[in-house]
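Here are my notes for a first look through this one. Have the structure open as you read.

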Amino acid sequence: CNTGTTEIGYDSAKKGEYVVSYTYVASKTDLTKAVAYALSARKWNASTSPNGFNAEIDRGGVSAKAKITVSDNSVAFDTRGKPIVPYRYLDYLNKSILEYLRGQR
């Protein structure tokens with residue numbers, strides 16, 4: 001079953017657009033902690049990389065990988081894996097990141 005956000009992801013991939021960025025008001029340190037929390041909460045397997053994380057998920061019939069880059073005030077998800085990460089999964093991660101950041105304030 002495809003949702004609207006999944007279709008947007010496939011359409012973007014066809015255009016060669018694989019990076020989705022979210023903007024926050026938070027330091028790189030706080031965002032790194034928030035992303036780690038979100039990945040764990042959403043049951044992604046992840047390892048740290050120099051600028052963020054390499055993550056993958058195999059759940060609900062979806063097997064996907066993402067390279068996540070964290071910087072001051074933003075998180076970028078490179079969804080170039082095959083198949084691409086459904087955008088709804090990125091939305092779920094974003095919700096968990098925001099949840100963590102709200103708890104930090």
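**Notes on the fold**

1. Start with the helix that covers the sheet. Helix α2 (residues 28-41) lies across β2, β3, β4 (62-71) and β5 (74-78), and its direction makes an angle of about 165 degrees with β4. Helices (H or I, at least four residues) and strands (E, at least two) are DSSP runs, numbered from the N terminus. Axes are lines fitted to C-alpha atoms, for helices over the stretch in contact, with angles from 0 to 180 degrees between N-to-C directions. Contact means heavy atoms within 4.5 Å.

2. A word on the source: this is a predicted model, where local features need pLDDT of at least 70 and side-chain atom pairs count only at pLDDT 80 or more, while totals for chains, interfaces and linings use all residues. Residues are numbered from 1 along each chain as its sequence is written, and side-chain values use heavy atoms, with hydrogens and water left out.

3. Now the sheet itself. It is open, with five antiparallel strands in the order β1-β5-β4-β3-β2; two strands pair if DSSP finds at least two bridges between them. Because β1 (19-23) and β2 (45-49) stand at the edges with a single partner strand each, one side of each has no neighbour in the sheet. On average, neighbouring strands are turned by 20 degrees against each other, direction ignored.

4. Five bridges join β2 to β3 (residues 52-59), and the two run antiparallel. Ser47 has Asn54 as its bridge partner in β3.

5. Ser49 also sits in β2. Is Ser49 buried or exposed? It is buried, at 18% relative accessible area (buried means under 20%, exposed over 50%, partly exposed in between; 1.4 Å probe, protein chains only). The Ser49 side chain reaches the backbone nitrogen of Phe53 at 3.3 Å. Leaving aside neighbours within four places in sequence, Ser49 is in contact with Asn54 and Ile68.

6. Ile68 turns up again in the largest nonpolar core, which has 28 residues; Trp44, Ile68 and Ile97 have the most contacts inside it. Such a core is a set of buried Ala, Val, Leu, Ile, Met, Phe, Trp, Tyr and Cys residues joined through side-chain atoms within 4.5 Å. β1, α2, β3, β4, β5 and α3 each supply at least two residues of this core, and α3 gives the most, with seven.

7. Trp44 deserves a click: not counting residues up to four places away in sequence, its contacts include Leu39, Ala55, Val85 and Leu93.

8. Last, Asn94 in helix α3 (residues 87-104). Asn94 is buried, with a relative accessible area of 15%.

Conventions
Polar contact = N/O pair within 3.5 Å; in protein donor to acceptor, adjacent residues only side chain to side chain.
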